[in-house]
Amino acid sequence: MAHGPDTPDTSDPGPLAWVHDEVQRSVADATSALRRFSAAHQAARQTDLASVDDADLRMARQQLHQAVGALEMVGLGAAAQLLRGLEGAVQRFVLKPDACDGAALVAVERVSAALGDYLQRRVRQRPVADLQLYPAYRDALTLAAAERIHPADLWHFDHHGVAMPPAPLAGPAPEYGPPLRAQLDRQVLPLVKSLDPGAARELARLCLALSAAVPPGQASVPEAVSTFWRVAAGCFDAMAQGALPADVHTKRAASRVLLQYAALAQGRAEVSEQLLHDLLYLCAQATPAEPDHAPAWRAVHQAFGLERHTPVDVERATLGQLDPGLLAEAQDWLRR
């Protein structure tokens, strides 16, 4: 299993040093091309919008695509993911030129600054976590009008090869069906509303029981299914301890666990890899004040080696912070 991406990085910075200048130049050229297109488009609004050539947008997309390839070549998947989001934003500008306005260009500058700071830290072997790119990643995907914007997409953690057996139960395992679904529904609603600790605790208990429940159409509990329910139990256990923020990612995970239950209850034994990854991300980010009071979370933490991950405040922008004066000058220039 690969090491967690947010442990101190000791990899050789040599390969990145070879492509660093090329990536920075490509991103700078793409940003300049976007500025030229935006200026031309704004000017043409007073005359003839049809006269605006989208060659600068095509150039920006090509430059970003080249930078993505270079970053992937040296194994910087999170940075490549960030620029892929910016590439999606440029594609949106092709379809909706009005979206490439002054505010969008300021956001592009923030993304570029964060990436530049991240790459500089990697080259100099200074501590930096992939998840610190999330505020910039969110900016890029917001510009692209992406449906999914989740910090777990920057958390390149390989969970394959780890399996958790069904939890030992004091009584018989529950059966998939309407009564069990009703129990889950009753607890998910208060959890989504307010991250209610009691509801989270009950959901952790139900998920542990489900890890030993045989899905319809199966002769026994598939390994992937028992592992999924053990991980879900660990995540709810962390919520019950107040170890996760009451944000959209935490609350949405609970709703998606219900969808996974529905699929299993209908005889579809496949487990969502993305949902499992997202739940593991939440378990890795959780910081219970009293870990001994969260045994389901602790079991997941130990089984997957999540102690190698250092939790990151993904909402706090720490990379590429622009000087407020310079940012104001840039915004003033864009309004001219």
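Predicted model: local features only at pLDDT ≥ 70, side-chain atom pairs only at ≥ 80, totals over all residues.
Biologist: In what order do the elements of the protein run from the N terminus on?

Modeller: Residues are numbered from 1 along each chain as its sequence is written, and side-chain values use heavy atoms, with hydrogens and water left out. Helices (H or I, at least four residues) and strands (E, at least two) are DSSP runs numbered from the N terminus, and the protein has 12 helices and zero strands. Its elements therefore run, by these DSSP runs, as α-α-α-α-α-α-α-α-α-α-α-α.

Biologist: What share of the contacts between residues at least 6 apart in sequence joins residues at least 24 apart?

Modeller: A contact means heavy atoms within 4.5 Å, and the count takes in contacts between residues at least 6 apart in sequence. Of these, the share that joins residues at least 24 apart is 75%.

Biologist: How many residues of helix H8 are buried?

Modeller: Helix H8 covers residues 223-240 and reaches 26 Å from its first C-alpha to its last, close to the 26 Å expected at 1.5 Å a residue, where the expected span is 1.5 Å times one less than the number of residues. Buried means under 20% relative accessible area, exposed over 50% and partly exposed in between (1.4 Å probe, protein chains only). H8 is mostly covered, and the number of its 18 residues that are buried is 16.

Biologist: Is Leu195, with its positive phi, buried or exposed?

Modeller: The phi of Leu195 is near 55°, a positive value in a residue other than glycine, and Leu195 is placed in the loop between helix H6 (178-194) and helix H7 (197-210). Gln125 likewise has a positive phi, near 60°, but lies in the loop between helix H4 (102-123) and helix H5 (134-143) and counts as partly exposed because its relative accessibility is 47%. Leu195, at 9% relative accessibility, therefore counts as buried.

Biologist: What is the geometry of the aromatic pair formed by Tyr134 and Tyr137?

Modeller: Rings of Phe, Tyr and Trp (its six-membered ring) pair if their centres lie within 6.5 Å, with planes under 30 degrees apart counted as stacked, over 60 as edge-to-face and the rest as tilted; the whole structure holds six such pairs. Tyr134 and Tyr137 have ring centres 6.4 Å apart and planes at 50°, which makes the pair tilted.

Biologist: How far apart in sequence are the parts that the pair of Trp155 and Tyr281 ties together?

Modeller: Tyr134 and Tyr137 both lie in helix H5, three residues apart, about one turn of the helix. Trp155 and Tyr281 form an edge-to-face pair, with 6.0 Å from centre to centre and 70° between the planes. Because Trp155 lies in the loop between H5 and H6 and Tyr281 in helix H10 (residues 273-285), the separation of the parts they tie together is 126 residues.

Biologist: Which residues do ring pairs link into a cluster?

Modeller: Beyond the pair of Trp155 and Tyr281, both of which are buried, ring pairs also build a cluster. Its members are Tyr176, Phe228, Trp229 and Tyr261.

Biologist: How many contacts beyond near neighbours in sequence does the stretch of residues 324-328 have in the model?

Modeller: The mean pLDDT of the protein is 89, and 89% of its residues reach 70 or more. Over residues 1-5 the pLDDT stays under 50, and the model has 13 contacts beyond four places in sequence for them. Over residues 324-328 the pLDDT is also below 50, and the number of contacts beyond near neighbours in sequence is two.

Note on methods: pLDDT = per-residue confidence, 0-100.
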